[in-house]
Amino acid sequence: MAVLSLIQRLLRKKTENPNNSPIPGFFRNKAEQQGFTLSNGQVRAIDALARETAHLLAGQPTRSLYLHGPVGRGKSWLLDGFFQALPIAEKQRVHFHDFFAQLHRGMFQHRGHDDGLAVTLDDLLKGCRVLCFDEFHVHDIGDAMLISRLFQALFKRGVLVLVTSNYPPEGLLPNPLYHERFKPVIDLIATRMEVLEVSSPQDFRSLPQAQSSQRFTRGQYVWPGTAQQREALGLPAADSPPLRLTVGTRQLTCRRHQARTIAFTFNDLCEQLTAVMDYLLLCQDYDHWVIDGLPPLADCPIAVQQRFINLVDVLYDRDKQLTLIGEQPLESALSGQAIDLARTASRLGQLQTTRPQHTPDPVS
């Protein structure tokens, strides 16, 4: 009996060993194939992912992980790789906007239940053991209160949660009017999750090898949107008349929709009361988006800037092709005050740029 017990302990120890996890080898091969050199922060995160994978496969309790750091440092790359390499089927990779849209919709549908959140999570997770939660950020106090309930429910269910964010936990919901009310969630994250910084001196999105396989990076930033540029690229005229467009139960305005291509003005999408759910629904029908008339964001109200940030997040995550037409160089247009603009600038910086053609001076 003692021998059997010893064998079981040895087998358990071997299974729990992170060296037996498929995660480290997967990332070594992926980095080599893509020509990346892993940063120290990425290596530490990979070690933690390997450890928790070993615990998960051994049927042992796991500790959730919270990866944070500046834009373009490989957090989503780590999350996507972990999701791909994890050898179980009961896993989900979700985006902040998409998941919360589904959460709100489900809780509304189940509002007659005593615990609408629990019923909604039963529907959304369906036995999920690992939830990869990308691009986590909080700016709305209503979402903040729901996040508290959500995390408590996930931890109670024993779900291994992997979160990526541009912000450390204490940097979430920075609005001083609400930050203290969010403090219990920050404390919950610190208690129930391992918090790791993923940093690097380089923005990996700027490297050519990071741009080869994405539809988003084949898009363009066009400025200043002259008639000649529009004609050459087949873009709508600057004064295209508005068209009514039904999106779910709402009526929006666009400038053109044909096959899988749709065109809007910046005003149509960002200066009106549109929402993330509108963008998600439109992504089901359109793969190429034209957004015309990007102004200097510093001149726009914060709410308008935030809608634009949300829109770019959705298009990037859904890997849609974007043609963005602005009045000035992109770096000048993106000098706004919204705190997530660094992420937006990093993503839009991957677009190809079509500049105005300068006529050479005549030869005398």
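What percentage of the contacts in the protein with a separation of 6 or more comes from residues 24 or more positions apart? Please then examine helix 5 (residues 96-109) in detail.

Analyst: The model is predicted. Residues 24 or more positions apart account for 78% of the contacts with a separation of 6 or more. The protein has 14 helices and 13 strands, and 50% of its 364 residues count as buried. Its accessible surface comes to about 17,900 Å², and carbon and sulfur atoms hold 52% of that area.

Helix 5 spans residues 96-109, which is 14 residues. From its first C-alpha to its last, helix 5 reaches 20 Å, close to the 20 Å expected at 1.5 Å a residue. The buried residues of helix 5 begin with the run Phe96, His97, Asp98, Phe99, Phe100 and Ala101. Further along helix 5, Leu103, Gly106 and Met107 are also buried. As a general point, an α-helix has 3.6 residues a turn, so residues three or four places apart point the same way. In helix 5, Leu103 and Gly106 are both on the buried list, as are Leu103 and Met107.

The surroundings of helix 5 come from several parts of the sequence. Its buried residues pack against two strands, strand 2 (91-95) and strand 3 (130-134). They also pack against helix 6 (116-125) and helix 7 (141-156).

The structure holds zero disulfides. For comparison, the cut-off for a disulfide is a pair of cysteine sulfur atoms within 2.5 Å.

Asn166 lies between strand 4 (160-165) and helix 8 (179-192). Asn166 counts as buried because its relative accessible area is 18%, and the cut-off is under 20%. The side chain of Asn166 makes a polar contact with the side chain of Lys75, at 3.5 Å. Leaving aside residues up to four places away in sequence, Asn166 touches Gly69, Pro70, Val71, Lys75, Glu135, Phe136 and Arg343.

Terms used
Residues are numbered from 1 along each chain as its sequence is written. This is a predicted model: local features need pLDDT of at least 70, side-chain atom pairs count only at pLDDT 80 or more; totals for chains, interfaces and linings use all residues. Side-chain values use heavy atoms; hydrogens and water are left out. Helices (H or I, at least four residues) and strands (E, at least two) are DSSP runs, numbered from the N terminus. Buried means under 20% relative accessible area, exposed over 50%, partly exposed in between (1.4 Å probe, protein chains only). A polar contact is a pair of N or O atoms within 3.5 Å; within protein, one must be able to donate a hydrogen and the other to accept it, and residues adjacent in sequence count only if both atoms are side-chain atoms. Contact means heavy atoms within 4.5 Å. Accessible areas come from the Shrake-Rupley method with a 1.4 Å probe; for residues, only the protein chains shown count as cover. The expected span of a helix is 1.5 Å times one less than its number of residues.
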